[in-house]
Amino acid sequence: MDLLLRGGNLVLESGIAAADLLIRGETIARIAPSIDAATLSPGTRVIDCAGLLVFPGFIDAHTHFGLGEGASRTADGFYEGSAAAALGGVTTFIDFADQIPGKTLLQGANIRIGEAADAVVDFALHQGIYRFHEGIGEELDELARGGVRALKLFTTYKEFGVFLDPGAWESLFSLCAEKRLLVAIHAEDDEIIEEIAKALPPVGFSKASPPPSSASSQSAPGPGMHPYLRPARAEASAIMKTGLVALRHHLPLYFVHVSSAEGMDAVRNLRRRGLRVIAETTPHYLLLTEDRLGGEDGPLFLMTPPLRSLADRSALLEALASGEIDIVATDHCSYTPEQKKASADCRAIPAGVPGTGEAASLLFTLLPGDIESKAKALAALFSRNPARIFGLSPKKGSLETGTDADIAIFDPAASGIISKASIRTAAGYSPYEGLAYRGAPVMTILRGRVVAERGRCTGARGAGAFLECGVSEIFSGYPAAR
Ligand code: URP
Ligand code: ZN
Ligand code: ZN
């Protein structure tokens, strides 16, 4: 069925334009100040968008749906997570595939694509690289031909087997520069984290052992200790270390979930040296601070890197306002309160918080300026920039004729408070409960089909498709001359 979005305020790169938008099949067929009803196909659904903002569908560039196994599996699988995303106006999410022993990278990515078969909205993948070996170049070529052109590296998390030995950075970065693969990094310097951890007792995996406690170095560190165990300087150090290697290879870098003022300073330092750097942060670092980690519900606010100080939060808000942050993504990684509270030791609490369903509302609320400035910034940070950086444009990330009809219709006047009743994740809680918002998605359209409407996910399981990424725009014109 064709759809006519009548009289909305279209959020274009140039600003807001009052116009009608016609969707035929999966794509945007026409945008005009007024589209004559007599020209519509019979049965066209006309959606009154007066007073509403019409955004390109949001792109959540960092999610973890269906992560882990058994008791440590995330509450949201691909269906639940993508349904929450659809309710939040998200039409594309980017999750990640593991590097699986005994399988090629493409085989691993294909397994993950199979796991995501239930997704309600479209998705792309980052490919985790945890081990470097001779011959990985051919695997990378094959992976890129399969549509995965973004790699994910961890400078920490040895306990999960995803830490990439720094000795491999040089060779891997050289290959990625040559093949124009986007390298995204979870930056926390494990040497610093390990040094701090030496003073602690072994990790306690249950409430029974060792006894819960606060900050004592002789007993299990609680959630309040998490920022001390994984400090901002570890983030800054890993950004600098990886960045200096990347500079030698003229390889642009993408830093996921930048959480601190020091981390942002490191990003600036690398940019001053000439490295092209994409900085991503998340709604939780922009809205929440480490004081949440105290008390009975502290575990519900635990993620990695940890929540930081008010000064860090302010520095990130300033960086957002000054345009130094390119992308906001949620790092949605949902566990139930039972899972989060099963251990009193912050090192054994499953890390991560949900957020994809609430992100657009919360971001629109916190972005500065009038409605037009907020809308333009939200469209850039949560749609256009991720589309360009991950090689998904022009199909995704803008409202132009011929592109995918992925649309978030958004009411800038809708207001409320995030509460249990509005929660969109199987985790059953939101770290944002109690926060007021102004502005909310009211309808989400994926390639011409309504997948969420009036708070209900209407998209079918499997309505989403795997998206093959092209070369990231981060490589265009960079480096200027070699
Ligand atoms: O705590 C988090 N962020 N969990 C998800 C994994 C990651 O590091 O992004
Ligand atoms: Zn991470
Ligand atoms: Zn993550």
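Visitor: Is histidine 64 buried or exposed in this predicted model?
Guide: The model is predicted. Histidine 64 has a relative accessible area of 9%. Buried means under 20%. Histidine 64 is therefore buried.

Visitor: What is the relative accessible area of histidine 62?
Guide: Histidine 62 is also a buried residue. The cut-off for that class is under 20%. Its relative accessible area is 2%.

Visitor: Which residues are the protein donors of the zinc ion (ligand 3)?
Guide: The protein donors lie 1.9 to 2.1 Å from the ion. In sequence they are spaced H-x1-H-x266-D. They are His62 (NE2), His64 (NE2) and Asp331 (OD).

Visitor: Is the arrangement of the 4 donor atoms around the zinc ion (ligand 3) tetrahedral or irregular?
Guide: The 4 donor atoms subtend angles of 87 to 137°. Four donors count as tetrahedral if all angles lie between 85 and 135 degrees.

Visitor: How far apart are the zinc ion (ligand 3) and the zinc ion (ligand 2)?
Guide: The zinc ion (ligand 3) has His62 and His64 among its protein donors. The distance from this ion to the zinc ion (ligand 2) is 3.6 Å.

Visitor: How many nonpolar residues does the lining of the largest cavity have?
Guide: The structure holds 1 cavity of 30 Å³ or more. About 40 Å³ of space lies in the largest cavity. Its lining includes Leu182, Ile389, Phe390 and Val471. By class, 2 lining residues are polar, 2 are charged, and the nonpolar ones number 6.

Note on methods. Residues are numbered from 1 along each chain as its sequence is written. Chains are lettered from A and ligands numbered from 1 in the order in which they are written. This is a predicted model: local features need pLDDT of at least 70, side-chain atom pairs count only at pLDDT 80 or more; totals for chains, interfaces and linings use all residues. Side-chain values use heavy atoms; hydrogens and water are left out. Donors are N, O and S atoms within 2.8 Å of the metal (3.2 Å for Na, K and Ca); water is not among the atoms, so sites may look incomplete. Four donors count as tetrahedral if all angles lie between 85 and 135 degrees; four count as square planar and six as octahedral if opposite donors are over 155 degrees apart and all others between 65 and 115; anything else is irregular. Buried means under 20% relative accessible area, exposed over 50%, partly exposed in between (1.4 Å probe, protein chains only). On a 1 Å grid over the protein atoms alone, a cavity is a set of points where a 1.4 Å probe fits but cannot get out, and a pocket is an open set with protein on both sides within 12 Å along at least five of seven lines; lining residues have an atom within 4 Å of a point. Grid points are joined across faces, edges and corners, and a volume is the space filled by probe spheres set on the points. Ala, Val, Leu, Ile, Met, Phe, Trp, Tyr, Cys and Pro count as nonpolar, Asp, Glu, Lys and Arg as charged, and the others, Gly among them, as polar.
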